[in-house]
Amino acid sequence: METTVANKELNYLKALFFLFGFLVMSWLPRFPEVKANLGLSNGAFGSLMSVSAIGAVISLFTVGQLVHIFGTKLILRVAAVFMTGSLILLTNTHSPLVFLICNLAQGAAISAFHVSINAQGFNFQDRTKRHVVTLLSGFWSSGALITAIISGLFVDRISLSWHVCSLALVVLTLMLFMVTAIGENLLKPNKNVETEYRTSDLFKGLKIDGVISGALFCAGLLEFSVGDWSAIYLKEDIGIKGGFNALPYILFTFAMIIGRLSVHRLFGKYQIRFLVKVGSIFSGVSFLSGLIIIRIIGVGNKPLALVILSVCFLMARLGSSFLAPSVMNAANSRSDSPSSFVVAQLALINNLTVFLMRLVIAWTAQAFSLSIALLIPVFFVLSVPFFAKAFKNV
């Protein structure tokens, strides 16, 4: 009976992770249209996009404590509503100021939902002794993949506004249903004064977890960069129009799913430290190869360029697919704090560093080209082996 209840809860968690990825990644393949609506340069658009990290940081100062005080049910519901509302406004506005404000709200809501849903995942893992964190990340990636395919098909066929508005409202309804369905198994408000945590606790252990934070940043920057710039790079630098410019990103996301859902088969055969080193090097070299080959052969043969980039993006993500979830799992196993605080602390540091690096990438693209700017995340993913000691006892 307990197994049946646990499986039912896990299925609802899988659905929530899937819907989370489906919602927040739905507009990425349509960034060229969003950028055109705002009439901005690469540097200005990238700067506005990076502002979401500020919203995330503001949220992270309190969300770990709020989850601990109020439980995950309330935070998940409020975050879902704000994610939906801000996304609708982001894809309908022509005002950079409105876009900036909504992007702040979007970043804060995503962080709140991210901390809450991952805290719930760690709670399920601790209660059932089943390793599910990487699996749940795979379902998030599945949602991101499906929404990328849909977005690619909708380009030049269905308006950006109609696409995102209808999708967001349907997903919000389903999310609220899933949260209600999990019910009593959701993390409950903390009532033990002795285990009360404050916002200041977020900063405790930052020095100890410096290696973990560095590993997460280096492992995740490539994902952020591809999400921000792949469609724009394919359209403006390579000259590939329509939904085809979303193909490399779709394959990038597909590889993330394959990697996260299957990597557990290697955990019994190889040490996680070895897998992290091999995966990060394979990822960086694959992505770098694509950029170099395109630079050499040029963009005259657009179908060939599309094939090369699609293959290289796929291989790059396959190598790095499991890195970020593995870092989070290592961080949770090393900490005595509640999982909501572990996730919030990691996300706080990561958002601050990613915010700065997003600005660097945006203005490098403005000053030189996107192909040059995309070399930056390659350098960082190749640096992941220097942080492999974070997985020593995992």
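First, the ground rules. This is a predicted model: local features need pLDDT of at least 70, side-chain atom pairs count only at pLDDT 80 or more, and totals for chains, interfaces and linings use all residues. Residues are numbered from 1 along each chain as its sequence is written, and side-chain values use heavy atoms, with hydrogens and water left out.

Now the patch. L66, I69, F70, L74, V78, V81 and F82 form it on the surface. Together they have about 580 Å² of accessible area, by the Shrake-Rupley method with a 1.4 Å probe, where only the protein chains shown count as cover for residues. Patch members have over 30% relative accessible area and no salt bridge, and nonpolar side chains are joined within 5 Å. A salt bridge here is a side-chain nitrogen of Lys or Arg within 4 Å of a carboxyl oxygen of Asp or Glu.

Which element gives the most? That is α5, with four residues. Helices are DSSP runs of H or I, at least four residues, numbered from the N terminus. V78 is found in α5.

On to T91. It sits in the loop between α5 and α6 (96–128). Is T91 buried or exposed? It is buried, at 3% relative accessible area. Buried means under 20%, exposed over 50%, partly exposed in between, with a 1.4 Å probe and protein chains only. V78, at 40%, is partly exposed.

What does T91 touch? Leaving out residues up to four places away in sequence, T91 touches W27, N37, L160, S161 and V164. Contact means heavy atoms within 4.5 Å.

Notes:
Patches are made of residues with over 30% relative accessible area and no salt bridge: like charges are joined within 9 Å, nonpolar side chains (Val, Leu, Ile, Met, Phe, Trp, Tyr) within 5 Å. Helices (H or I, at least four residues) and strands (E, at least two) are DSSP runs, numbered from the N terminus.
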